[in-house]
Amino acid sequence: MLETSARLLRLLSLLQTPRDWTGAELADRLEVSARTIRNDVERLRALGYPVNATRGSVGGYRLGAGAELPPLLLDDEEAVAVAIGLRTAAGGTIAGIEETSLRALAKLEQVLPSRLRRRVNALQTYTIPVPRDEPGPRVDAGTLTTLTAACRDHEQLRFGYQTHDGSESVRKVEPYRLVNWGRRWYLVAWDLDRGDWRTFRVDRLTPRIPAGPRFTPRDLPEDVTDRVRRGVSSAAWRYRADVTVHASAAEVTGRINPAVGTVEAVDESTCVLHTGADSIETLAVHLGLLGYRFEVTAPACLVDYLRTLADRYRDAIGDV
């Protein structure tokens with residue numbers, strides 16, 4: 001009986017890999033007859049595992065999706081990865097999943113072998129997350145579920161939206177992709193009222209239920225990540241600046257995080273950095289850390305603050 005149970009677990013582990021297995025391949029892996037494989041497949045089906053089978057020369061077995069979630073078999077690396085992911089989710093930027101993440105983590109750690117539990121605990125004990133400068137925006141898990149379902153089913157969406165200046169409006173869009181950029185989530189969609197592509201911060205929108213009618217998908221005009229990056233640089237910051245930098249576009253691009261902004265080449269030794277921040281102080285400091293000579297003409301508040309910083313630094317060194 002123990003041998004049969006162990007064989008069923010091994011068979012289930014093979015079937016959980018995303019591929020089709022012929023009966024002969026499974027029989028060879030488990031060193032049993034094809035008849036035993038057929039009997040074991042029926043046992044798994046009786047236990048609630050939806051094992052699909054196709055006939056013919058290219059036929060085989062594959063584990064399908066059932067009405068209930070069956071137990072999953074994970075190898076060592078998969079189990080550690082899931083545990084780390086659950087720990088991260090418990091303190092992440094998606095509201096409403098902290099408790100469920102902790103419950104799932106508790107169940108997983110209860111059955112982890114001691115060697116794996118030690119690895120996970122070591123990662124938790126000897127890694128220290130650096131506190132963020134300010135709390136990041138948090139997104140409701142139900143909102144993410146609603147948006148991804150609308151993207152999947154090609155259903156129009158209506159939602160209330162609040163811009164960075166606090167004004168509110170109702171938007172009607174065709175949703176296409178969700179992008180996680182740093183601490184924020186963005187929705188890339190076709191704005192039906194404006195007749196153009198738009199990028200929306202998910203923490204600023206409130207979906208209106210029910211969803212609208214289905215739509216015929218359009219071709220995305222470019223890479224979704226590039227669109228979000230440009231949308232972030234043009235709309236998500238409170239303060240924006242176009243900074244002339246006396247260095248090549250390649251050099252500046254290599255010095256900044258893609259989330260900081262976009263770089264436009266002027267010539268071989270000059271470029272324009274389109275960037276921004278939620279505060280003038282942050283923007284000024286980041287420009288100072290760029291490491292190249294630069295020129296700023298707008299906005300006026302940034303120019304004034306750079307003058308203040310220049311005087312402050314000059315006074316700091318005195319007559320040295």
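How many salt bridges does the count come to? By the rule used here, 14. A salt bridge here is a side-chain nitrogen of Lys or Arg within 4 Å of a carboxyl oxygen of Asp or Glu.

Before you start clicking, some housekeeping. This is a predicted model, where local features need pLDDT of at least 70 and side-chain atom pairs count only at pLDDT 80 or more, while totals for chains, interfaces and linings use all residues. Residues are numbered from 1 along each chain as its sequence is written, and side-chain values use heavy atoms, with hydrogens and water left out.

**Stop 1: some charged pairs**

Select arginine 7 and aspartate 40. They form a salt bridge, with 2.6 Å between the closest N and O atoms. This pair links distant parts of the chain, 33 residues apart: arginine 7 sits in helix H1 (residues 2-15) and aspartate 40 in helix H3 (residues 34-46). Helices (H or I, at least four residues) and strands (E, at least two) are DSSP runs, numbered from the N terminus. Both arginine 7 and aspartate 40 are buried; buried means under 20% relative accessible area, exposed over 50%, and partly exposed in between (1.4 Å probe, protein chains only).

Now go to arginine 201 and aspartate 203, another salt bridge, with the closest N and O atoms 2.9 Å apart. Arginine 201 is buried because its relative accessible area is 8%, whereas aspartate 203 is partly exposed at 25%.

**Stop 2: the open sheet**

Next, colour strands E10 to E13. They make an open sheet of 4 strands in the order E11-E12-E10-E13, with antiparallel pairing. Two strands pair if DSSP finds at least two bridges between them. E11 and strand E13 (294-295) stand at the edges with a single partner strand each, so one side of each has no neighbour in the sheet. Antiparallel E11 and E12 are joined by 6 bridges.

**Stop 3**

Where is serine 269? Look in the loop between strand E11 (261-267) and strand E12 (270-277). Serine 269 counts as partly exposed because its relative accessible area is 46%. Beyond residues up to four places away in sequence, serine 269 touches Val245, His246, Ala247 and Ser248; contact means heavy atoms within 4.5 Å.

**Stop 4: the nonpolar core**

Select Val243, Val245, Leu273, Leu287, Val296 and Leu302: these have the most contacts inside the largest nonpolar core, which has 21 residues. Strand E10 (239-245), helix H9 (249-255), E12, helix H10 (280-288) and helix H11 (300-317) each give two or more residues to this core. H11 gives the most, with 5 residues. A nonpolar core is a set of buried Ala, Val, Leu, Ile, Met, Phe, Trp, Tyr and Cys residues joined through side-chain atoms within 4.5 Å.

Centre on valine 296: leaving aside neighbours within four places in sequence, valine 296 is in contact with Val243, Leu287, Leu302, Val303 and Leu306. Apart from this core lies another, of 17 residues, among them Leu157, Val173, Leu187 and Phe200.
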